[in-house]
Amino acid sequence: MRSRDFDLDFRDRARRTSLWGMGLLGLAALLWAWCAVLLLSPYEVDRKPDDEFPAECESRLLTDDGTANRGVRQHSWCQAERDWPEALAVLGLSVPVSVAGVGLWTTGAVGRRMSAHAQAMRELDKLADTASA
């Protein structure tokens, strides 16, 4: 395999690695958005199956009354519907996904930059050889 073919193959693998990293970063962004929706959006809770008038609940994070934390004592329907562990699990899952995404994207980007640098150095060496000859 010629060095040019090897270099093009190397750049293609580095580009694919970067794309995988960007895909994982996109997935991490979706997980962050899901966590934000769970914490910031109001929601409804059925008191019984096929309830015509479900209970309206404030968001878990931006509530003025204590339904987010003291709902059991106040017999609130809202307390058990969206619990903190679900939102924190989504947030915790986004951390390794984003770390892997950053690692893959960085590896691919550095690989492409190093390949471009090596190609530029080879061309400068050719120019210097032809100028001295």
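Buried means under 20% relative accessible area, exposed means over 50%, and partly exposed is what falls in between (1.4 Å probe, protein chains only). With that in hand, at 26% relative accessibility Asp12 counts as partly exposed.

A quick word on the model. It is predicted, so local features need pLDDT of at least 70 and side-chain atom pairs count only at pLDDT 80 or more, while totals for chains, interfaces and linings use all residues. Residues are numbered from 1 along each chain as its sequence is written, and side-chain values use heavy atoms, with hydrogens and water left out.

Now for the charged pairs. The structure has five salt bridges, each one a side-chain nitrogen of Lys or Arg within 4 Å of a carboxyl oxygen of Asp or Glu. Among them are these:

| Pair | N to O distance |
|---|---|
| Arg122 and Asp7 | 3.6 Å |
| Asp12 and Arg15 | 2.8 Å |
| Arg16 and Asp12 | 2.7 Å |

Take Arg122 and Asp7, whose side chains meet in a salt bridge. Arg122 sits in helix α3 (residues 84-132) and Asp7 in helix α1 (residues 3-40), so the pair ties together parts that are 115 residues apart in sequence. Helices here are DSSP runs (H or I, at least four residues), numbered from the N terminus. Asp7 is buried at 10% relative accessibility, whereas Arg122 is partly exposed at 34%. Asp7, Arg11 and Arg122 are also linked in a network of salt bridges.

Arg15 is partly exposed at 39%, and so is Arg16 at 41%.

Key. Helices (H or I, at least four residues) and strands (E, at least two) are DSSP runs, numbered from the N terminus.
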